[in-house]
Amino acid sequence: MSSLRPSPPQPSHHHLRTWRVRESLTTRTAKLLCSFFLFLLLAAGVILFVLWLSVHPHRPRFHVSSFSAPGLSPAAGTAFSFNVSDRNPNRNIGIFYDAVAGSVFYRGNRVGFEPELVGPFYQPPKNTTAILGEVSGASLSPEELAVDLQSGRVGFRLELRSTIRFRVSTWDTHRHRLHVACDVEVGPDGALLEVSRSRRCSIYFF
Ligand SMILES: *[C@@H]1O[C@H](CO)[C@@H](O)[C@H](O)[C@H]1NC(C)=O
Ligand SMILES: *[C@@H]1O[C@H](CO)[C@@H](O)[C@H](O)[C@H]1NC(C)=O
């Protein structure tokens, strides 16, 4: 527009104008660059998020399929037998387990322990494995057991410990220490009560 003017504007005026034009050009370029980098950042974020979602391992799931404490009596040591189902819910990720140790607790006291219910094993994706245990235990506290037998339900806590690694294709994650806790209740005959059947166990990493 300024070129169409018959007489050029004051030098100072002209200077100001080109300076303004240059300024708006730089601002625009800067804005463009900014949006471009923001876009790149966002795209990279989305790609990373999708990758993380596809690789992020889900923890295994544990349920008590069976648990029994036959011959439950204050006088004698108690034997426990159980079957815990261990499901790897991942589609593409396998899990390596170290030996699985099992403990049985009664009212906070450990009354049974087996250091190796099962030796180290590999669990393929989408696989369910039964962890079986036969644990012979110490005698239970007679006064508390008498009260529980009277009430018709005796609660135990079954704990499993192991160390696991996830395998994604050919890449292994570092080791996670795994701690599984299942609360179970048996009747006076030592058989699992229906309320405890297939109850999901809690799982912790530490
Ligand atoms: C353990 O429980 C699972 C699931 O209920 C069952 O399929 C399996 O046969 C049981 N194993 C034994 C030895 O009882
Ligand atoms: C789970 O994996 C184990 C070990 O590879 C295998 O013996 C078992 O048959 C598998 N179970 C199922 C239900 O695929």
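I began with R197, which at 38% relative accessibility counts as partly exposed, a class between buried (under 20% relative accessible area) and exposed (over 50%), with a 1.4 Å probe and protein chains only. I then found that the side chains of R197 and E194 meet in a salt bridge at 3.3 Å, N to O, where a salt bridge is a side-chain nitrogen of Lys or Arg within 4 Å of a carboxyl oxygen of Asp or Glu. E194 counts as exposed, at 58%.

I noted that this is a predicted model, in which local features need pLDDT of at least 70 and side-chain atom pairs count only at pLDDT 80 or more, while totals for chains, interfaces and linings use all residues. Residues are numbered from 1 along each chain as its sequence is written, chains are lettered from A and ligands numbered from 1 in the order in which they are written, and side-chain values use heavy atoms, with hydrogens and water left out.

Next I looked up the salt bridges, and the structure holds 7 of them. One joins E144 to R107, with the closest N and O atoms 3.7 Å apart. E144 lies in helix 2 (residues 142–151) and R107 in the loop between strand 4 (100–106) and strand 5 (109–118), so the pair ties together parts that are 37 residues apart in sequence; helices (H or I, at least four residues) and strands (E, at least two) are DSSP runs, numbered from the N terminus.

I also checked R153, which forms a salt bridge with E185 at 3.3 Å between the closest N and O atoms. R153 counts as partly exposed, at 40% relative accessibility.
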